[in-house]
Amino acid sequence: MDQRTCIKFCVKNESKCADAFRMLTVAYGEANLDRSNVYRWYKIFSEGREDVNDEERAGRPSTSTTDEKTNEVEKMILANRRITVREVAEDLNISIGSCHSNFINDFGMRRVATKFVPKLLNCDQKHHRMNIANEMLDSVRDDPNLLQRVITGDEAWVCGYDVETKAQSSQWKLPHEPRPKKARQVRSNVKDLLTVFFDCRGVVHHEFLPQGRTVNMEYYLQVMRNLREAIRQKARICGRKKIGFCTTITPLLTHRCLKQQRANETPIERERRLANLRERFSVSHASETEQQREARLKSNGKIKRLHRTLKAAIRAHNSIGWTETLLTVLLGLRSAVREDTNYSIAEMIYGEKIKLPGDFFCRTKNLNPT
């Protein structure tokens with residue numbers, strides 16, 4: 001286009017065609033138009049043409065870039081986001097280049113790989129996670145040193161050795177030195193379970209799963225004991241007499257492990273465990289007064305009677321599942337007036353009577369037609 005503009009400039013200045021060709025050769029060198037094209041465009045501009053662009057040529061019209069084809073391509077993409085360019089081109093009988101141009105230029109789309117996440121959460125789980133995160137943020141705002149007392153842990157399978165990558169094995173060499181070589185290595189088939197506990201200062205404790213050891217409740221309990229000893233050792237090194245760490249172990253120590261352990265213990269082991277807890281946390285019923293003891297026993301009796309009443313009310317509905325009956329039974333128990341206090345449970349908690357389903361319907365009065 002630039003050379004055509006120069007030729008048009010020479011025509012306007014009434015320069016000869018040979019002079020125009022010589023100036024273009026000096027200016028553009030090997031990129032210059034050949035002599036025949038220079039003379040042809042010189043003649044065209046001499047006849048009065050002003051446009052330097054090529055004229056539209058008569059030929060087969062484009063059928064792959066029409067609005068109809070573009071809409072069909074868009075519908076196929078929205079119906080199946082994993083469809084390929086070749087499949088769309090074959091279905092619509094258009095070229096792959098035109099189809100790819102529709103994807104990139106017309107729709108502004110690009111093919112990306114799916115992002116892997118640990119687990120897909122539903123809306124309730126996302127809201128629950130957000131609430132927990134907000135509670136943690138509120139706790140940190142109230143106590144800025146909270147995270148300094150938290151110990152968390154995780155576990156992962158690690159290989160026996162890591163293969164050195166090509167970038168890691170690169171080194172400097174002189175021009176006359178040969179290129180270094182190394183044997184190709186594969187990843188280790190030997191894997192070990194690594195358990196690590198750490199806080200804001202670094203790693204507190206780590207250990208590998210022994211060979212032949214089964215990962216069960218006993219193993220995790222032993223890991224917890226080792227962690228406790230590591231925390232005590234760290235406290236001694238730091239010069240602390242008391243352990244001030246708040247451990248958050250996830251996902252190692254679960255409620256299922258504790259429940260299974262307590263279900264299998266004998267009454268003697270249970271009494272020994274409770275005595276150990278009372279000794280560690282200075283909890284003893286011997287220091288209770290007579291009034292406190294009577295109040296504790298009375299409250300325990302109320303809970304047992306409430307459980308008996310709840311089970312009896314649920315068993316009365318034999319034709320319905322207990323999960324469907326539980327809400328109705330709890331509503332009745334909370335709205336029933338107690339004989340000893342002359343108040344219902346809802347009145348004692350909320351300060352007013354609870355509304356039953358029948359209270360939401362207004363009773364219509366009979367109107368006298370006369």
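Val 163 is found in the loop between strand E1 (150–159) and strand E2 (191–199); helices (H or I, at least four residues) and strands (E, at least two) are DSSP runs, numbered from the N terminus. The model is predicted, so local features need pLDDT of at least 70 and side-chain atom pairs count only at pLDDT 80 or more, while totals for chains, interfaces and linings use all residues. Residues are numbered from 1 along each chain as its sequence is written, and side-chain values use heavy atoms, with hydrogens and water left out.

**The chain as a whole**

- The chain holds 13 helices and four strands.
- Of its 370 residues, 19% are buried; buried means under 20% relative accessible area, exposed over 50%, and partly exposed in between (1.4 Å probe, protein chains only).
- Among contacts in the chain with a separation of 6 or more, 51% join residues 24 or more positions apart, where contact means heavy atoms within 4.5 Å.
- The chain exposes about 31100 Å², and carbon and sulfur atoms supply 53% of that area; accessible areas come from the Shrake-Rupley method with a 1.4 Å probe, and for residues only the protein chains shown count as cover.

- With a relative accessibility of 27%, Val 163 counts as partly exposed.
- Val 163 and Arg 184 are 21 residues apart along the chain, and their C-alpha atoms are separated by 9.2 Å.

- Glu 74 sits in helix H4 (residues 67–79) and is partly exposed, with a relative accessible area of 35%.
- From Glu 74 to Asp 106 there are 32 residues in sequence and 9.5 Å in space, C-alpha to C-alpha.
- Asn 102 belongs to helix H6 (residues 96–106) and is buried, because its relative accessible area is 2%.

**Positive phi in two loops**

- Glu 14 is not a glycine, yet its phi is positive, at about 60°.
- The loop that holds Glu 14 runs between helix H1 (2–12) and helix H2 (17–28), and Glu 14 counts as exposed because its relative accessibility is 73%.
- Asn 93, also a residue other than glycine, has a positive phi near 60°.
- Asn 93 lies in the loop between helix H5 (85–92) and H6, and is exposed, with a relative accessible area of 71%.

**A buried loop residue**

- Ser 344 is placed in the loop between helix H12 (322–335) and helix H13 (345–350).
- Ser 344 is buried, since its relative accessible area is 3%.
- Leaving out residues up to four places away in sequence, Ser 344 touches Arg 334, Ser 335, Ala 336 and Val 337.

**Aromatic pairs**

- A search of the whole structure finds two aromatic pairs; rings of Phe, Tyr and Trp (its six-membered ring) pair if their centres lie within 6.5 Å, and planes under 30 degrees apart count as stacked, over 60 as edge-to-face and the rest as tilted.
- The ring centres of Tyr 219 and Tyr 220 are 5.5 Å apart and the planes are at 50°, so this pair is tilted.
- Both Tyr 219 and Tyr 220 are buried.

**The second largest pocket**

- The second largest pocket has about 490 Å³ of space; a pocket is an open set of points on a 1 Å grid over the protein atoms alone, where a 1.4 Å probe fits, with protein on both sides within 12 Å along at least five of seven lines, and lining residues have an atom within 4 Å of a point.
- Its volume is the space filled by probe spheres set on the points, which are joined across faces, edges and corners.
- The second largest pocket is lined by 14 residues, and the closest to its centre are Lys 166, Ser 169, Pro 180, Lys 181 and Lys 182.
- Its lining divides into three nonpolar, four polar and seven charged residues; Ala, Val, Leu, Ile, Met, Phe, Trp, Tyr, Cys and Pro count as nonpolar, Asp, Glu, Lys and Arg as charged, and the others, Gly among them, as polar.
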